[in-house]
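Subject: Structure handover, salt bridges

Dear colleague,

Here is the structure for your files. My notes on its charged side-chain pairs follow below.

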Amino acid sequence: MRALLRDTIISACTLGVMLIDASMDGFECDMTRNTGYADHRTLQLPAAVWDSASDDDRAWARKLCCVFTWVVRDVSATTPYMITYDGGRRNYEDTTLAAVADRAYSEVCGMYMGSHDCASEAQRCQMLTPASTPTPVPARTLTPNPMPTPVPMPSPVPVRTLTPKPMPTTAPTPSAIPGPMHTTTTPTPVPTRSPIPTPGRTPTPMPIPPPM
């Protein structure tokens, strides 16, 4: 009975140690830089993201510390966000520390002063061993939305071409009044002259024969 109780206590203690090692409890960063603004950036994490951190998450937190970016626990935060040197804010939607830190690190190295921080990172973090190097987070692949199937358009109805009917030919109606070039002239009738009798000559009548 005592042996069983002892084994149970040892298992509980071992599990407790594992849980403590897997969280961010005790993690601190104090690296600063003179920038004329703030001397460090801050990556604020919700309590749930901080408390569920793994060993790989710790390695990412140390890597951010090497570029003057502190990872802190924020009980009032609902989503992760980063405050830059000049007070700018960048929000993140990732739910794990490793994913948030990976995106934040890429953005820091893309900034003007951050690019110098990343270039000189090895000079400040030579103490990082290969075992503590964070595993790169695979890039998220965006699945393109499928294109909608086009609706087939109805075939156009051919337009009927109407052939115009020929207009009937109408003979021109002659004008009632002739034109000046076509004047109709009615001939004037010539009077008939009566024969004129010859004076002094009387016609001799023919003799009538006697009846037989």
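Aspartate 117 and arginine 33 form a salt bridge, with the closest N and O atoms 2.5 Å apart; the term stands for a side-chain nitrogen of Lys or Arg within 4 Å of a carboxyl oxygen of Asp or Glu. Aspartate 117 lies in helix 5 (residues 112-119) and arginine 33 in the loop between helix 1 (2-22) and strand 1 (41-46), so the pair ties together parts 84 residues apart in sequence. Helices (H or I, at least four residues) and strands (E, at least two) are DSSP runs, numbered from the N terminus. Aspartate 117 is buried at 1% relative accessibility, whereas arginine 33 is partly exposed at 23%. Buried means under 20% relative accessible area, exposed over 50%, and partly exposed in between (1.4 Å probe, protein chains only).

This is a predicted model: local features need pLDDT of at least 70, side-chain atom pairs count only at pLDDT 80 or more, and totals for chains, interfaces and linings use all residues. Residues are numbered from 1 along each chain as its sequence is written, and side-chain values use heavy atoms, leaving out hydrogens and water.

The structure holds six salt bridges. Another one of them joins lysine 63 to glutamate 121 (3.1 Å, N to O). Lysine 63 belongs to helix 3 (residues 55-65) and glutamate 121 to helix 6 (residues 121-124), so this pair links parts 58 residues apart in sequence. Lysine 63 is buried at 18%, and glutamate 121 is buried at 9%. Salt bridges with shared partners join Arg33, Arg41 and Asp117 into one network.

Regards
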